[in-house]
Each structure stands twice: as structure tokens, then as C-alpha cells.
Amino acid sequence: MAYSKQIMILRTALWLFASLAIAQQVPRDAEDLTITYPDGQTKQLSDYRGKVVPIAFISVTCPHCQHTTEILTHLQNELGPRGLQVLEVALDPDAKTTVPGFISQFRPSFPIGFTADYPSVARFLQLPNTQRPLYPLFAVVDRKGVIQFEATGRDDILANEANQEAKLRTELLRILKESGHQHAAAKTKTGS
């Protein structure tokens with residue numbers, strides 16, 4: 001019964017926050033985030049520098065997040081060899097216990113971790129730390145650690161599930177291409 005009440009509260013909160021305007025400035029440097037994985041290891045977002053990192057902040061009980069996980073699995077499989085590294089971070093209060101089951105059910109081809117530090121996520125996404133917009137929350141960090149794209153569950157790119165994969169692929173290919181040119185130019189300058 002308590003679990004059902006938590007879901008109802010979460011859904012109500014998501015509905016209330018769905019109408020919030022988000023003041024995002026893109027591009028901008030990405031703040032570092034600490035992600036905890038089910039095996040207890042922690043990693044920093046900066047550990048993935050040199051890759052294009054789409055990062056989705058999810059709730060494991062959110063159907064849109066589950067759909068996005070399936071799409072991101074396809075995109076990781078397709079674009080991973082080109083330098084893409086998808087990450088997901090669960091923001092559920094009980095994520096430490098629910099993420100392993102989510103991973104078992106959806107079998108993503110990328111790491112899924114969690115954080116209880118919502119204020120860091122809010123700063124990372126430039127959100128008021130007391131308010132959460134509709135899940136999933138999504139950002140793409142380029143090879144240099146710069147956020148190049150952001151969206152929330154209320155934005156068409158994520159809300160329109162029929163076109164979500166094609167639209168995300170287009171954005172990711174654009175950032176991979178732009179970031180690849182910058183990466184190659186930097187290697188040429190340094191001679192490495």
C-alpha cells in the first residue's frame with residue numbers, strides 16, 4: 001500500500017511540475033556529477049570525457065523513461081562505435097533497491113546508476129532544486145564536457161514517442177559530427 005501511495009505522490013508531483021518553464025542556456029560547461037552504480041562503484045561524469053554522453057535522468061516507474069531506455073539501448077548499440085556513451089541516472093528515492101530490477105527487466109547496453117543528490121542534478125540542468133519537471137530529463141555532453149542539448153519529458157523530442165528515436169538520433173549524429181571535428185582538430189594541434 002505504501003508503494004502505491006509513493007507512486008501516486010510521484011505522479012502528482014510530476015504533473016504539477018510539468019508546466020514549469022526551464023531556463024536552460026546551451027551550450028554551457030557541464031558540472032561534474034557523481035553517479036553510484038548498483039555494485040557500489042561510483043563514477044564521475046567527467047570520467048567519460050572524450051565521448052559524447054547522452055545522459056537521461058529517469059524514474060524507474062515512469063513509462064516514458066522505460067520507453068526512452070529502450071530507444072537509448074538501440075542508439076548505444078548503433079552509435080557506440082562512433083564515440084557515444086549513453087548513461088542513465090535514476091532519481092527515485094528508493095533507486096538503490098529498484099535499479100537492479102530495472103536493469104534486469106530492460107537489459108540496457110549502457111550503465112544505469114542512481115543519485116540521491118537532486119540538488120546537483122538541478123544545478124547540472126539549471127533547474128530550481130525544489131522543483132522537478134516531467135521525466136525523463138535529458139542532456140547531451142560533448143567530448144569536451146560541454147552540454148550541447150537538453151530536453152525534458154514535456155518537450156516534443158521526448159514526449160512524442162512515435163518520433164523519439166529518429167529525433168534523438170538526429171541530435172546525437174549532429175553532436176557526434178561536430179564534436180568529432182573539434183576532437184580531430186585538437187589532436188592535430190597537439191600532435192597526438
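## Basis

Residues are numbered from 1 along each chain as its sequence is written, and side-chain values use heavy atoms, with hydrogens and water left out. Because the model is predicted, local features need pLDDT of at least 70 and side-chain atom pairs count only at pLDDT 80 or more, while totals for chains, interfaces and linings use all residues.

## Strand β5

Strand β5 covers residues 87-90; strands here are DSSP runs (E, at least two residues) and helices are DSSP runs (H or I, at least four), numbered from the N terminus. L87 and V89 on one side of β5 are buried, as are E88 and A90 on the other. Buried means under 20% relative accessible area, exposed over 50%, and partly exposed in between (1.4 Å probe, protein chains only).

## Pairing and crossovers

Two strands pair if DSSP finds at least two bridges between them. Strand β4 (residues 53-58) pairs with β5 in the parallel sense over 4 bridges, and I58 has A90 as its bridge partner. Strand β6 (residues 112-114) runs parallel to β5, joined by 3 bridges; here E88 is partnered by I112.

## Helix α3

Helix α3 (residues 95-106) lies in the chain between β5 and β6. Its buried residues are A95, T98, V99, F102 and F106. The face turned away from them carries exposed K96 and T97. Just after α3, R107 takes a positive phi of about 45°.

Terms used:
A crossover is right-handed if, with the strands pointing away from the viewer, the path from the first strand over the helix to the second runs clockwise.
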